[in-house]
Amino acid sequence: MTTSNHSATPSTTPSVTPSLVSLFTDKVQTMQPYHVPKSSGMIKLDAMESPYKLPEQMRQALAAILTHVNINRYPNSSSSSLGAAIRKAFSLPAELSLMMGNGSDELIQIVLMALMRPGAKVLSPVPSFVMYQQVTELLGMSFVGVDFNPDFSLDEASFLATIAREQPAVVFLAYPNNPTGVILSRALIEKVLQTSNGFVVIDEAYSAYASDSALDLVARYENAILIRTLSKIGMAGIRLGYMLSHPSVAGFFENVRMPYNINLFTQATARFMLEQKTYLADCVNHIVAEKAALYDWLSAQAGLVVYSSETNFLLVRVDNAPEVFSRLRDDYQILVKNLDGQHPILKNILRITVGLPAENAKLKAALTEILTID
Ligand SMILES: *Cc1c(COP(=O)(O)O)cnc(C)c1O
């Protein structure tokens, strides 16, 4: 019943001349493509998006603004008025430099490209955001993953020892972490900043849902970089992330950024949306309340374990995650993320992004049926 809206891809790979294949880097030849599952017609609880569509009145107001975008001209290269709007909306310290990216994905790429030297290492706890490792290896650097404990905590002493031994050019810390949802201790962040001779990127993709931010630490350490995104607060579609760093180093990263990386529609839309402070805060508050209710309901169910999280998603452990995942998708048209197979500590774990109240209700009904029948 679901119709596909993805672009046509041939079901078999056409044969290719070997001499052309050998031009590609080893990583490009062997990597698995980033898989985005078909989602049309589904209840989408898999990608940490906000479930709230823009209200009609705001759509009209935004449409009126976008009418005046002059697409014949390149965008403002430094996106300066958007930068001012971001600084104001998130109360960012004036003494730090701001750079915007086409999603925080692009900022991760920019940081890594700027530090791409032969032999350079990149370190992060694992499992964490997959792009840290993916981009590192695409750029020919080596990735050092330090395993989280099975309870999603981190052995801080061994983490710091690994940094001291490996001397990475950059350490990535997702704060809170995706996919585990936990937030590292602030004391650890500070020790990492002190131990590292390289940069430390603190990725606060979930800052709107988290109990803490490391913004004040970033101001105090020259090797600290903060990355955030608008994707998890209702604007995944416009692709906008921002990065704060010290003015002493910001220029190096700016050298890597393509001049017109933030398109005019994104700039205009973000400026409009950042003025809708009450609306944005209401959406976050609704998601937080729904997450708490969903957490309580899940904790009362036999046959699963739910983990607390400082994000807009919850992790649950079930007896057979691949099966529960497929049944949710095929029998109930509910798409969640199956993390089983990504890392040993994610065995039988599903990641569920908080949806609309009606969507969460359908998820609960589906889980009730699946877990009792089994
Ligand atoms: C979602 C996510 C990102 C990517 O965000 P975009 O701005 O949409 O590219 C980066 N880091 C973490 C930890 C995330 O969960």
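1. The structure is a predicted model, in which local features need pLDDT of at least 70 and side-chain atom pairs count only at pLDDT 80 or more, while totals for chains, interfaces and linings use all residues. Residues are numbered from 1 along each chain as its sequence is written, and side-chain values use heavy atoms, with hydrogens and water left out.

2. The largest pocket has a volume of about 1,400 Å³. A pocket here is an open set of points on a 1 Å grid over the protein atoms alone, where a 1.4 Å probe fits, with protein on both sides within 12 Å along at least five of seven lines, and its lining residues have an atom within 4 Å of a point; the volume is the space filled by probe spheres set on the points, which are joined across faces, edges and corners. Its lining counts 48 residues, and Tyr 34, His 35, Val 130, Met 131 and Lys 337 lie nearest the centre.

3. Two or more residues of that lining come from each of helix H5 (104–114), helix H6 (130–138), helix H13 (321–332) and strand S12 (337–338), and H6 gives the most, with 6 residues. Helices (H or I, at least four residues) and strands (E, at least two) are DSSP runs numbered from the N terminus. The lining of the largest pocket also draws at least three residues from each of domain 1 (27–53 + 278–371) and domain 2 (74–275), the bounds coming from an automatic or database domain assignment.

4. By class, the lining of the largest pocket has 21 nonpolar, 14 polar and 13 charged residues, where Ala, Val, Leu, Ile, Met, Phe, Trp, Tyr, Cys and Pro count as nonpolar, Asp, Glu, Lys and Arg as charged, and the others, Gly among them, as polar.

5. The second largest pocket has a volume of about 540 Å³, and of the 27 residues that line it, Ser 50, Pro 51, Tyr 52, Lys 53 and Gly 234 are the closest to its centre. The second largest pocket lies between domain 1 and domain 2, because both give residues to its lining. H12 provides the largest share of this lining, 3 residues, and by class the lining has 16 nonpolar, 6 polar and 5 charged residues.

6. Around the ligand there are 13 residues, of which Ser 104, Asp 203, Thr 229, Ser 231 and Lys 232 come nearest; a residue counts as near if one of its heavy atoms lies within 4 Å. An oxygen atom of the ligand lies 2.6 Å from a polar side-chain atom of Thr 229, 2.7 Å separates a ligand oxygen from an N or O atom in the side chain of Tyr 206, and a backbone N or O atom of Asp 105 is 3.0 Å from an oxygen atom of the ligand.

7. Most residues other than glycine have a negative phi, and most peptide bonds are trans. The peptide bond from Val 126 to Pro 127 is cis, with omega near 0°, and Pro 127 sits in the loop between strand S3 (121–126) and H6. The bond from Asn 178 to Pro 179 is also cis, with omega near 15°. Ser 91, a residue other than glycine, has a positive phi near 45°.

How values were computed: Polar contact = N/O pair within 3.5 Å; in protein donor to acceptor, adjacent residues only side chain to side chain.
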